Number of protein chains: 2
Amino acid sequence: MSGYAHPPASFRCRAPPAHQPQTYAADPPNGAPEPSQPCDAPCSAPPPCDKPPKDKPNSYASPPAPGYYPRSAPYGSPFASLVPSAFPPGTDPNVVAGFRLADQDGSGFIDDKELQRVLSSCDQSFSLRTVRLLMYHFTNTNTRKIGPKEFTSVYYSLQNWRAMFERFDKDRSGRIDPNELREALCSLGFAVSPVVLDLLVSKFDKSGGKDKAIEYDNFIECCLTVKGLTEKFREKDCTYSGSATFTYEAFMLTVLPLFVV
Amino acid sequence: MSGYAHPPASFRCRAPPAHQPQTYAADPPNGAPEPSQPCDAPCSAPPPCDKPPKDKPNSYASPPAPGYYPRSAPYGSPFASLVPSAFPPGTDPNVVAGFRLADQDGSGFIDDKELQRVLSSCDQSFSLRTVRLLMYHFTNTNTRKIGPKEFTSVYYSLQNWRAMFERFDKDRSGRIDPNELREALCSLGFAVSPVVLDLLVSKFDKSGGKDKAIEYDNFIECCLTVKGLTEKFREKDCTYSGSATFTYEAFMLTVLPLFVV
């Protein structure tokens, strides 16, 4: 039994009861939680399969201009090369300066290690894994380079991730515990079961599950992983049955891009 | 269309032609390639779904005693604790000494960092990711500890991984190129498509795909990832149709344990 009907008008982001194998939920609202929306508020209904609503760009950032972030990254293949880009109008000069600082050879692209350096200097330290997952999220390719447009997206998304982390880290411990993670994922539109929640914590907790708490960069990685897997699953679950069928090829091509080495 | 009939008597481990979305293949023969078996030799037929043949233990090692390695790790849940174990009879004294050297507090278990240290001292350096994936492979849990039994399995498996790496690294470059990887995966019983092969190389190549070649520890990680995903997929593909249906819960619980953070 699936945790949502097909298609529901709305549903709540509570973890499903034990007899429900899974609820997975709606289009995440731009990755940024809405402060006025409590976790048990109804989520919007999932959009039709493979037909995302045009008013919901797929980004964890506050877009500098409406429609700036495409719902799907424009690169259809994991092997696609990056298209040169420019900063969107109105980009914060600090963002432009940050990119130019990182792009020392003036190529118009920065790689994973350069992005790691520039992000670490303006926020906190990030693992290469997290940096690469962010790059993947905003390019949908395996290329470990981004241009001005993607860098701007990363920058604004991190502002939202930070705000979200601080919002859900209610005890100000600097780490997200399982309950806080459940609420955070819920605010993004993903209602995972208690078992999946425990698994996420055990995977993304730097202590290997001992602390049962996730630090900031792993929190981003965790949410992006859930988002990536859920969206891929949803693409195959056109009838909202809660089940999806994959060929072996599709299964491998669905899952492998989210493995970050 | 699937690359194998349901169920075939045998099939070949060639990469499928372009019109075949996927072939995935038989029970890997203990993880160790058989020197006398060329890559285009027929693979054995896949075992019945969820009913593995008892004479095929699931290990990448040469077992010190027949039946020592269980086909499936005995821990049914990713949250299970490790059961204390002992060295199997006839274990190489060097293995025992290696474990005792690592287990400094005499607890009977060693953690990921201790395993990384002891492995790096007797073979080459291993990333924590590779070490953790090896631990997962031999425990099927997220606990980052292993006992004497699992340590012995890891030790012997690495002997086979090294032999396999050297066998397929035909140009002695110290790295496995896409063709060599295809042949290595084939020898394990996994025939992946050219697209999946390219994706694997781009993910597990330390250079991010520039070199199109995989070093030893990433080679192990790559093969264990393909093995883990394929076996999970096969569990759901009971009729050998080449397609498998997952609930969202099953999908997440299938894929997430193989993410190594």
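Me: Two strands pair if DSSP finds at least two bridges between them. Over how many bridges do strand 5 of chain A and strand 5 of chain B pair?

Reply: This is a predicted model, where local features need pLDDT of at least 70 and side-chain atom pairs pLDDT 80 or more, while totals for chains, interfaces and linings use all residues. Residues are numbered from 1 along each chain as its sequence is written, chains are lettered from A and ligands numbered from 1 in written order, and side-chain values use heavy atoms, without hydrogens or water. Helices (H or I, at least four residues) and strands (E, at least two) are DSSP runs, numbered from the N terminus. Strand 5 of chain A covers residues 243–247, and its antiparallel pairing with strand 5 of chain B runs over five bridges.

Me: How much area do chain B and chain A bury between them?

Reply: The size of an interface is often given as the accessible area lost when the parts come together. Here that loss (1.4 Å probe, summed over both parts) falls 71% on carbon and sulfur atoms. For chain B and chain A, the buried total is about 4500 Å².

Me: Which helix gives the largest share of the side of chain B that touches chain A?

Reply: In contact (heavy atoms within 4.5 Å) are 49 residues of chain B and 49 residues of chain A. The count of salt bridges between the two chains is zero. The largest share of chain B's side is eight residues, and it comes from helix 6 of chain B.

Note on methods
Buried area = accessible area lost by both parts, 1.4 Å probe. Salt bridge = Lys/Arg side-chain N within 4 Å of Asp/Glu carboxyl O.
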